[in-house]
Amino acid sequence: MKKYIIDLTVKALQHVHERYVLIRLTDEQPLPEMLPGQFVEVRVDGSATTFLRRPVSINLVDYDANELWLLVATVGDGTRRMGTLQAGDRLNCVLPLGNGWTLPLPLSQRQGEGRHLLIGGGVGVAPLLYLGATLHKGGITPTFLLGARSKQDLLLLNEFEKYGRVLLTTEDGSEGERGFVTSHSILQKEHFDMIQCCGPTPMMKAVARYAREKGIDCEVSLENLMACGLGACLCCVEKTTEGNLCVCKEGPVFNINRLLWNNE
(Lines give C-alpha, C1' and ligand atoms only; values in the text may rest on other atoms or scores of the structure.)
Protein backbone atom coordinates (compact mmCIF):
# COMPACT_ATOMS: atom_id res chain seq x y z
CA MET A 1 0.00 0.00 0.00
CA LYS A 2 1.32 3.44 -0.92
CA LYS A 3 2.65 5.56 1.95
CA TYR A 4 2.25 9.31 2.27
CA ILE A 5 3.89 12.14 4.21
CA ILE A 6 1.15 14.69 4.82
CA ASP A 7 0.73 17.84 6.88
CA LEU A 8 -2.73 17.27 8.31
CA THR A 9 -4.79 19.99 9.99
CA VAL A 10 -6.09 19.62 13.51
CA LYS A 11 -9.88 19.94 13.24
CA ALA A 12 -10.52 19.42 16.95
CA LEU A 13 -8.80 18.12 20.07
CA GLN A 14 -10.78 16.60 22.92
CA HIS A 15 -9.43 15.69 26.36
CA VAL A 16 -11.34 12.44 26.89
CA HIS A 17 -9.42 11.62 30.09
CA GLU A 18 -6.72 13.26 32.19
CA ARG A 19 -4.15 11.12 30.34
CA TYR A 20 -5.74 10.76 26.89
CA VAL A 21 -6.60 13.13 24.06
CA LEU A 22 -8.57 12.48 20.90
CA ILE A 23 -7.10 14.37 17.94
CA ARG A 24 -9.32 14.74 14.88
CA LEU A 25 -7.32 15.53 11.75
CA THR A 26 -8.40 16.55 8.28
CA ASP A 27 -6.96 17.71 4.96
CA GLU A 28 -7.96 19.76 1.95
CA GLN A 29 -7.61 16.64 -0.20
CA PRO A 30 -9.45 13.34 0.38
CA LEU A 31 -7.61 11.19 2.90
CA PRO A 32 -5.77 8.19 1.42
CA GLU A 33 -6.91 4.62 2.00
CA MET A 34 -6.11 3.32 5.48
CA LEU A 35 -6.97 -0.08 6.91
CA PRO A 36 -8.06 -1.00 10.44
CA GLY A 37 -5.04 -1.95 12.52
CA GLN A 38 -2.56 0.25 10.67
CA PHE A 39 -0.79 3.17 12.34
CA VAL A 40 0.81 6.54 11.62
CA GLU A 41 4.17 8.04 12.57
CA VAL A 42 3.72 11.57 13.88
CA ARG A 43 6.42 14.24 13.90
CA VAL A 44 6.38 16.21 17.13
CA ASP A 45 7.42 19.83 16.66
CA GLY A 46 8.34 22.16 19.50
CA SER A 47 9.69 19.51 21.90
CA ALA A 48 13.38 19.82 22.71
CA THR A 49 13.59 16.20 23.90
CA THR A 50 11.61 14.47 21.13
CA PHE A 51 13.78 13.58 18.15
CA LEU A 52 11.93 10.61 16.68
CA ARG A 53 8.42 10.36 15.33
CA ARG A 54 5.80 8.82 17.59
CA PRO A 55 3.76 5.79 16.40
CA VAL A 56 0.02 6.17 16.99
CA SER A 57 -2.72 3.66 16.15
CA ILE A 58 -5.42 4.72 13.74
CA ASN A 59 -8.48 5.14 15.94
CA LEU A 60 -10.99 5.85 13.16
CA VAL A 61 -11.14 7.04 9.57
CA ASP A 62 -14.36 8.84 8.68
CA TYR A 63 -14.24 9.31 4.92
CA ASP A 64 -17.58 11.12 4.85
CA ALA A 65 -16.19 13.82 7.17
CA ASN A 66 -12.65 13.39 5.75
CA GLU A 67 -11.32 12.88 9.28
CA LEU A 68 -8.55 10.76 10.79
CA TRP A 69 -8.85 10.16 14.54
CA LEU A 70 -5.85 9.52 16.77
CA LEU A 71 -6.33 8.55 20.42
CA VAL A 72 -3.12 9.53 22.19
CA ALA A 73 -1.90 8.64 25.68
CA THR A 74 0.01 11.68 26.94
CA VAL A 75 2.72 9.79 28.81
CA GLY A 76 5.95 11.47 27.64
CA ASP A 77 7.28 14.80 26.44
CA GLY A 78 6.33 14.15 22.82
CA THR A 79 2.79 12.98 23.42
CA ARG A 80 2.20 15.67 26.06
CA ARG A 81 3.19 18.19 23.40
CA MET A 82 0.61 16.62 21.08
CA GLY A 83 -1.93 17.14 23.84
CA THR A 84 -1.44 20.92 23.58
CA LEU A 85 -2.39 21.13 19.90
CA GLN A 86 -5.23 23.45 18.95
CA ALA A 87 -7.65 23.58 16.05
CA GLY A 88 -5.86 24.85 12.96
CA ASP A 89 -2.43 23.50 13.94
CA ARG A 90 -0.64 21.25 11.49
CA LEU A 91 0.61 17.75 12.26
CA ASN A 92 3.07 16.00 9.96
CA CYS A 93 2.19 12.30 9.57
CA VAL A 94 3.61 9.33 7.67
CA LEU A 95 0.74 6.99 6.80
CA PRO A 96 -0.54 4.36 6.55
CA LEU A 97 2.05 2.04 8.08
CA GLY A 98 2.06 -1.64 8.99
CA ASN A 99 -0.39 -4.43 8.33
CA GLY A 100 -3.87 -4.42 9.80
CA TRP A 101 -6.49 -6.83 11.04
CA THR A 102 -7.82 -9.69 8.92
CA LEU A 103 -11.19 -8.64 7.56
CA PRO A 104 -13.97 -11.06 6.63
CA LEU A 105 -15.01 -11.75 3.07
CA PRO A 106 -17.73 -9.56 1.58
CA LEU A 107 -21.25 -10.50 2.69
CA SER A 108 -22.05 -12.07 -0.68
CA GLN A 109 -19.08 -14.46 -0.35
CA ARG A 110 -19.49 -15.75 3.20
CA GLN A 111 -21.92 -17.94 5.06
CA GLY A 112 -23.58 -16.24 8.00
CA GLU A 113 -22.60 -13.12 9.86
CA GLY A 114 -19.67 -14.49 11.85
CA ARG A 115 -19.17 -13.74 15.54
CA HIS A 116 -16.30 -11.36 16.22
CA LEU A 117 -15.07 -10.52 19.73
CA LEU A 118 -12.86 -7.42 19.94
CA ILE A 119 -10.97 -7.22 23.24
CA GLY A 120 -9.15 -4.09 24.37
CA GLY A 121 -7.50 -2.72 27.48
CA GLY A 122 -6.24 0.79 28.22
CA VAL A 123 -5.17 2.72 25.13
CA GLY A 124 -5.23 -0.65 23.35
CA VAL A 125 -8.91 0.01 22.66
CA ALA A 126 -7.85 2.61 20.06
CA PRO A 127 -7.42 0.39 16.95
CA LEU A 128 -10.57 -1.57 17.74
CA LEU A 129 -12.94 1.31 16.98
CA TYR A 130 -12.04 1.49 13.28
CA LEU A 131 -12.11 -2.31 13.09
CA GLY A 132 -15.57 -2.39 14.65
CA ALA A 133 -16.84 0.34 12.33
CA THR A 134 -15.52 -1.55 9.30
CA LEU A 135 -17.08 -4.83 10.42
CA HIS A 136 -20.40 -3.09 11.06
CA LYS A 137 -20.34 -1.53 7.60
CA GLY A 138 -19.75 -5.01 6.16
CA GLY A 139 -22.80 -6.49 7.86
CA ILE A 140 -21.17 -7.86 11.03
CA THR A 141 -22.13 -6.61 14.48
CA PRO A 142 -19.09 -7.20 16.71
CA THR A 143 -18.98 -7.62 20.47
CA PHE A 144 -16.54 -5.29 22.20
CA LEU A 145 -15.05 -6.45 25.51
CA LEU A 146 -13.24 -3.46 27.02
CA GLY A 147 -11.31 -3.39 30.27
CA ALA A 148 -9.86 -0.68 32.49
CA ARG A 149 -8.80 -0.06 36.07
CA SER A 150 -11.95 1.89 36.92
CA LYS A 151 -15.02 3.48 35.38
CA GLN A 152 -13.14 6.75 34.85
CA ASP A 153 -10.55 4.99 32.66
CA LEU A 154 -13.01 3.63 30.09
CA LEU A 155 -12.60 5.48 26.81
CA LEU A 156 -14.98 6.47 23.98
CA LEU A 157 -17.77 4.13 25.04
CA ASN A 158 -20.39 6.17 23.16
CA GLU A 159 -18.42 5.67 19.95
CA PHE A 160 -18.04 1.90 20.40
CA GLU A 161 -21.77 1.59 21.08
CA LYS A 162 -22.49 2.87 17.56
CA TYR A 163 -21.04 -0.27 16.01
CA GLY A 164 -21.76 -3.21 18.32
CA ARG A 165 -22.50 -4.63 21.74
CA VAL A 166 -20.19 -3.26 24.45
CA LEU A 167 -19.23 -5.34 27.51
CA LEU A 168 -17.05 -3.94 30.27
CA THR A 169 -14.73 -5.03 33.05
CA THR A 170 -13.05 -2.87 35.66
CA GLU A 171 -10.52 -3.97 38.23
CA ASP A 172 -12.36 -2.14 41.01
CA GLY A 173 -15.84 -3.18 39.90
CA SER A 174 -17.01 0.40 39.37
CA GLU A 175 -18.43 -0.46 35.91
CA GLY A 176 -19.31 -3.76 34.28
CA GLU A 177 -17.96 -6.96 35.81
CA ARG A 178 -15.16 -6.84 38.38
CA GLY A 179 -11.81 -8.22 37.22
CA PHE A 180 -9.85 -8.53 34.01
CA VAL A 181 -11.27 -9.01 30.53
CA THR A 182 -10.29 -12.69 30.60
CA SER A 183 -12.57 -13.25 33.61
CA HIS A 184 -15.73 -11.82 31.98
CA SER A 185 -18.62 -14.26 32.03
CA ILE A 186 -19.28 -13.85 28.29
CA LEU A 187 -16.21 -15.99 27.57
CA GLN A 188 -17.92 -18.99 29.16
CA LYS A 189 -21.44 -18.27 27.90
CA GLU A 190 -20.93 -17.63 24.18
CA HIS A 191 -18.82 -18.92 21.32
CA PHE A 192 -16.97 -16.63 18.92
CA ASP A 193 -15.41 -17.34 15.54
CA MET A 194 -12.68 -14.71 15.78
CA ILE A 195 -10.99 -12.78 18.58
CA GLN A 196 -9.02 -9.61 17.81
CA CYS A 197 -7.20 -8.02 20.71
CA CYS A 198 -4.99 -5.07 21.66
CA GLY A 199 -3.72 -3.92 25.04
CA PRO A 200 -1.02 -4.65 27.62
CA THR A 201 1.11 -7.66 26.70
CA PRO A 202 0.12 -9.78 29.74
CA MET A 203 -3.53 -9.24 28.82
CA MET A 204 -2.97 -10.24 25.19
CA LYS A 205 -1.05 -13.38 26.25
CA ALA A 206 -3.93 -14.35 28.55
CA VAL A 207 -6.42 -13.83 25.71
CA ALA A 208 -4.18 -15.91 23.42
CA ARG A 209 -4.19 -18.79 25.94
CA TYR A 210 -7.98 -18.67 26.12
CA ALA A 211 -8.29 -18.64 22.32
CA ARG A 212 -5.98 -21.65 21.96
CA GLU A 213 -7.90 -23.60 24.61
CA LYS A 214 -11.18 -22.90 22.81
CA GLY A 215 -9.80 -23.38 19.30
CA ILE A 216 -10.71 -19.83 18.26
CA ASP A 217 -8.80 -17.94 15.59
CA CYS A 218 -7.10 -14.98 17.27
CA GLU A 219 -5.10 -11.91 16.28
CA VAL A 220 -3.25 -9.45 18.51
CA SER A 221 -1.86 -6.00 17.81
CA LEU A 222 1.58 -5.70 19.39
CA GLU A 223 2.77 -2.50 21.02
CA ASN A 224 6.55 -2.98 20.83
CA LEU A 225 8.61 0.20 20.99
CA MET A 226 8.93 1.61 17.46
CA ALA A 227 11.12 4.34 16.01
CA CYS A 228 11.30 4.41 12.21
CA GLY A 229 8.02 2.63 11.43
CA LEU A 230 9.55 1.13 8.29
CA GLY A 231 11.55 -1.85 9.54
CA ALA A 232 14.96 -0.18 9.20
CA CYS A 233 16.04 0.46 12.81
CA LEU A 234 15.21 -3.03 14.17
CA CYS A 235 14.17 -1.72 17.60
CA CYS A 236 10.70 -3.36 17.50
CA VAL A 237 11.77 -6.93 16.69
CA GLU A 238 9.54 -9.77 17.90
CA LYS A 239 10.48 -13.46 17.98
CA THR A 240 8.12 -15.45 15.77
CA THR A 241 7.85 -18.87 14.16
CA GLU A 242 9.46 -17.25 11.10
CA GLY A 243 12.40 -15.78 13.01
CA ASN A 244 12.81 -12.23 14.26
CA LEU A 245 10.36 -9.87 12.56
CA CYS A 246 9.91 -6.10 12.80
CA VAL A 247 6.51 -5.36 14.32
CA CYS A 248 6.23 -2.04 12.48
CA LYS A 249 6.64 -3.68 9.07
CA GLU A 250 5.31 -7.23 9.45
CA GLY A 251 2.69 -6.26 12.07
CA PRO A 252 1.59 -4.67 14.25
CA VAL A 253 -1.19 -7.27 13.89
CA PHE A 254 -0.15 -10.92 14.14
CA ASN A 255 -2.07 -14.15 14.28
CA ILE A 256 -1.14 -15.73 17.61
CA ASN A 257 0.04 -18.87 15.79
CA ARG A 258 2.96 -16.84 14.43
CA LEU A 259 4.10 -15.80 17.90
CA LEU A 260 6.24 -17.77 20.34
CA TRP A 261 3.75 -17.37 23.18
CA ASN A 262 2.78 -21.02 23.65
CA ASN A 263 4.50 -21.40 27.02
CA GLU A 264 3.89 -17.89 28.37
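Reader: Where does P252 lie?

Author: P252 sits in the loop between α6 (247-250) and β16 (253-255). Keep in mind that this is a predicted model.

Reader: Is the peptide bond from G251 to P252 cis or trans, and what is its omega?

Author: That bond is cis, and omega is near 5 degrees. A cis peptide bond also joins L95 and P96, with omega about -15 degrees. P96 belongs to strand β7 (residues 90-97).

Reader: How do you know that the rings of F144 and F160 form a pair, and of what kind?

Author: Set the values against the cut-offs. The centres are 5.0 Å apart, and a pair needs centres within 6.5 Å. So the rings pair. The planes stand at 70 degrees, and an angle over 60 counts as edge-to-face. The pair is therefore edge-to-face. A search of the whole structure finds one aromatic pair.

Reader: Which parts does the pair tie together?

Author: F144 is in strand β9, and F160 is in helix α3 (residues 157-160). The pair therefore links parts that are 16 residues apart in sequence.

Reader: How do you know that β1 and β2 pair?

Author: Count the bridges. Pairing needs at least two. Seven join β1 (residues 4-17) to β2 (residues 20-26), so the two strands pair. They run antiparallel. Across from A12 you find R24 in β2.

Reader: In what order do the strands of the open sheet come?

Author: Seven strands form it, in the order β4-β3-β7-β1-β2-β6-β5. The pairing is antiparallel.

Reader: What makes β4 and β5 stand at the edges?

Author: Each has a single partner strand. One side of β4 (54-57) and one side of β5 (60-62) are therefore left without a neighbour in the sheet. Neighbouring strands of this sheet are turned by 35 degrees against each other on average, direction ignored.

Reader: Which helix packs on the sheet, and which strands are touched?

Author: Helix α2 (residues 126-137) packs there, touching β4, β5 and β6 (67-73). The direction of α2 makes about 40 degrees with that of β5.

Reader: How much space lies in the largest pocket, and what lines that pocket?

Author: About 810 Å³ lies in the largest pocket. Its lining has 32 residues, of which P55, V56, A73, V123 and E223 lie nearest the centre. Two or more lining residues come from each of β4, β6 and α1 (77-82). The largest share, four residues, is from β4. By class, there are 16 nonpolar, 12 polar and four charged residues.

Reader: What makes a space a cavity and not a pocket?

Author: A 1.4 Å probe fits in a cavity but cannot get out, whereas a pocket is open. The search of the whole structure finds one cavity of 30 Å³ or more. The space in the largest cavity is about 40 Å³, so it passes that limit.

Reader: Which residues line the largest cavity?

Author: They are G122, V125, L146, G147, A148, D153, L154, L155 and L157. Strand β9 (residues 143-148) gives the largest share, three residues.

How values were computed. Residues are numbered from 1 along each chain as its sequence is written. This is a predicted model: local features need pLDDT of at least 70, side-chain atom pairs count only at pLDDT 80 or more; totals for chains, interfaces and linings use all residues. Side-chain values use heavy atoms; hydrogens and water are left out. On a 1 Å grid over the protein atoms alone, a cavity is a set of points where a 1.4 Å probe fits but cannot get out, and a pocket is an open set with protein on both sides within 12 Å along at least five of seven lines; lining residues have an atom within 4 Å of a point. Axes are lines fitted to C-alpha atoms, for helices over the stretch in contact, and angles run from 0 to 180 degrees between N-to-C directions. Contact means heavy atoms within 4.5 Å. Rings of Phe, Tyr and Trp (its six-membered ring) pair if their centres lie within 6.5 Å; planes under 30 degrees apart count as stacked, over 60 as edge-to-face and the rest as tilted. Ala, Val, Leu, Ile, Met, Phe, Trp, Tyr, Cys and Pro count as nonpolar, Asp, Glu, Lys and Arg as charged, and the others, Gly among them, as polar.
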